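Here is a short report for a reader new to this structure. Look through the sequence and the model first, then read on.

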Amino acid sequence: MFGQFSRRDFARLAGLSALGMAATPAKPADGEPKPAPDRHAPASFPDGFLWGTATSAYQIEGAVDEDGRGRSIWDTFSHTPGRIADHTNGDRANEHYHRYKEDVRLIKDLGVKAYRFSIAWPRVFPQGSGTPNPKGLDFYNRLVDELLAAGLEPYATLYHWDLPQALQDRVGGWQSSDTSKAFGEYAGYVAERLSDRVRNFFTVNEPGRFVNFGYGWNIDAPGLNLPPAELNQVRHHVALGHGLAVQAIRAKARAGTRVGAADNIAACLPAIDTPENIRAAEIATRELNAGFLGVILEGKYTDGFLEFAGAAAPKFTADELKIIASPSDFVGLNIYAPQFYVVASDRKPGFTVLPFPASFPHMNSEWLRIGPETIYWVPRLAAKAWNIDNIYISENGTSSTDELAADGKVYDLDRIMYLRNYLAQLQRATAEGVPVRGYFLWSLMDNFEWIFGFEKRFGVYRVDFATQSRMPKLSASFYRDVIAKNAIGM
Ligand code: FCB
């Protein structure tokens with residue numbers, strides 16, 4: 001189809017539509033044509049809004065046996081038959097470990113100012129704790145230098161799910177507070193060495209996801225099925241690990257280094273915008289996130305959370321709560337899909353969650369329901385619930401089937417549709433003063449999408465995994481244009 005549609009045809013059509021627009025300006029009474037008022041002024045983002053893109057170590061690096069890297073729970077898990085939909089693993093992935101220079105050029109070409117990547121803990125501490133492996137950290141030194149030379153601001157995530165297998169074997173991973181302590185030490189070690197150049201660190205990525213899916217529901221690594229009490233304890237240890245990491249960074253990093261978590265906040269929003277439902281969505285935001293965001297921002301578990309957990313509530317000390325609530329500099333929110341549409345209720349806790357109809361639309365991943373207003377409501381309600389003054393959208397994006405067209409390109413119009421609508425809602429939030437300071441598009445390039453393997457593509461660059469060639473999709477041009485204008489629309 002594309003073959004028959006020439007560039008000239010396209011230019012003609014585009015020209016015609018421009019003529020059509022020029023023919024309709026309002027004519028004032030004196031008969032002199034005046035330009036029509038610009039009713040489509042671009043919706044601008046605040047000056048200095050930070051545009052970025054994101055990846056994570058296990059999903060792109062490959063080189064799993066190089067330079068002394070230890071094994072991670074995702075190596076073990078992805079090599080366990082039946083775990084990954086397309087029977088692949090991250091052994092090679094995008095070979096980013098060796099191709100990082102080329103990848104930094106791709107990031108630069110997008111026009112973003114910032115790049116969020118993750119550091120593989122088992123590269124730095126192959127055994128999880130104890131003797132560090134300087135060669136592992138060297139890779140991130142090289143990457144950071146390359147980013148800075150390209151004028152890109154590094155945002156490093158310390159934990160994007162690739163727990164050292166040794167810690168899982170020794171103490172049951174996050175089942176033990178020993179892992180929280182080891183995480184704090186690892187965070188301090190890295191921050192001490194990188195914070196002369198890396199000014200922003202995310203502690204843990206999506207605790208809700210890796211705790212529930214990994215330790216509770218036997219879906220992600222390490223593939224456990226723990227009962228509620230043990231699962232709540234795991235969550236508590238992750239919150240403790242976050243707090244210890246914040247403290248270690250304060251102690252070891254250069255002054256002014258900023259730190260916060262990147263949470264897959266349970267996304268609550270009003271089903272219909274009324275003051276009562278908005279209030280209900282705010283209560284839901286606080287209650288349904290009490291197990292992580294709530295406790296790190298408030299220093300306590302809500303009564304509702306503890307009552308609901310009952311005998312399965314986590315065991316904790318006042319001291320631990322203090323550590324957990326060590327003040328952060330920002331909150332990262334990963335926002336993809338609406339999760340809880342709520343309405344007000346007279347009964348405790350003040351909201352009712354509505355069921356999703358089976359026909360609710362989704363993107364190319366079933367879980368990725370389409371609800372652009374999610375990225376408006378969630379930061380707004382979170383900022384209100386916890387009085388947050390710096391929010392980053394640490395991830396947002398979508399998968400797409402991304403077929404190659406006859407001309408060899410990828411016209412990912414569905415991804416563009418998704419991004420356009422979400423970014424319009426994000427602009428609405430910033431215009432209303434919701435303190436969102438930046439946005440990291442997931443993802444720079446197609447990569448190892450965990451249990452879906454390489455089947456689900458999230459990149460704005462297409463990766464051919466046989467040849468490792470990278471090619472911009474149409475959405476890369478779309479995103480570049482948004483960034484250049486610092487606005488959505490025209
Ligand atoms: C998030 C993960 C990220 C990627 C996207 C699609 O949950 O943080 O690694 O898998 O989803």
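## The ligand and its shell

The ligand is surrounded by Gln59, His160, Trp161, Asn205, Glu206, Arg209, Tyr336, Glu395, Trp442, Glu449, Trp450 and Phe458. By class, this shell divides into five nonpolar, three polar and four charged residues. The model is a predicted one.

For Glu449, an N or O atom of the side chain is 2.8 Å from a ligand oxygen. For Trp450, the distance between such atoms is 3.0 Å. For Glu395, the distance is 3.1 Å. How much of the ligand does the protein bury? Taken alone, the ligand exposes 300 Å², and the protein buries 98% of that.

## Confidence in the model

The average pLDDT of the protein is 94. A score of at least 70 is reached by 92% of the residues.

Where does pLDDT stay under 50? That stretch is residues 1-29. For residues 1-29, the model has 11 contacts beyond four places in sequence.

## Salt bridges

How many salt bridges does a search of the whole structure find? The count is 26. Side chains of opposite charge can pair when their charged atoms come close.

Lys181 and Asp178 form a salt bridge. Their closest N and O atoms are 3.9 Å apart. Both residues sit in helix H8, which covers residues 177-194. Lys181 and Asp178 are three residues apart there, so about one helical turn separates them.

## A loop residue and its contacts

Where is Ile370? Its place is in the loop between strand S10 (351-353) and helix H15 (374-386). Setting aside neighbours within four places in sequence, Ile370 is in contact with Pro338, Phe360, Pro361, His362, Met363, Met417 and Tyr422.

Take Tyr422 from that list. Ile370 and Tyr422 are 52 residues apart along the chain. Their C-alpha atoms are separated by 9.1 Å.

## Backbone exceptions

Most residues other than glycine have a negative phi, and most peptide bonds are trans. Some places in this model depart from that pattern.

The peptide bond from Lys348 to Pro349 is cis, and its omega is near 5°. Pro349 is found in the loop between strand S9 (340-344) and S10. Another cis peptide bond joins Trp442 and Ser443, with omega about 15°. Trp442 is also one of the residues surrounding the ligand. Ser443 lies in the loop between strand S12 (436-442) and strand S13 (461-464).

Is the phi of His87 positive or negative? It is positive, near 60°, and the residue is not a glycine. His87 belongs to the loop between helix H3 (73-78) and helix H4 (96-110).

Notes:
Residues are numbered from 1 along each chain as its sequence is written. This is a predicted model: local features need pLDDT of at least 70, side-chain atom pairs count only at pLDDT 80 or more; totals for chains, interfaces and linings use all residues. Side-chain values use heavy atoms; hydrogens and water are left out. A residue is near a molecule or strand if one of its heavy atoms lies within 4 Å of it. A polar contact is a pair of N or O atoms within 3.5 Å; within protein, one must be able to donate a hydrogen and the other to accept it, and residues adjacent in sequence count only if both atoms are side-chain atoms. Accessible areas come from the Shrake-Rupley method with a 1.4 Å probe; for residues, only the protein chains shown count as cover. Ala, Val, Leu, Ile, Met, Phe, Trp, Tyr, Cys and Pro count as nonpolar, Asp, Glu, Lys and Arg as charged, and the others, Gly among them, as polar. pLDDT is the predictor's confidence in each residue, from 0 to 100. Contact means heavy atoms within 4.5 Å. A salt bridge is a side-chain nitrogen of Lys or Arg within 4 Å of a carboxyl oxygen of Asp or Glu. Helices (H or I, at least four residues) and strands (E, at least two) are DSSP runs, numbered from the N terminus.
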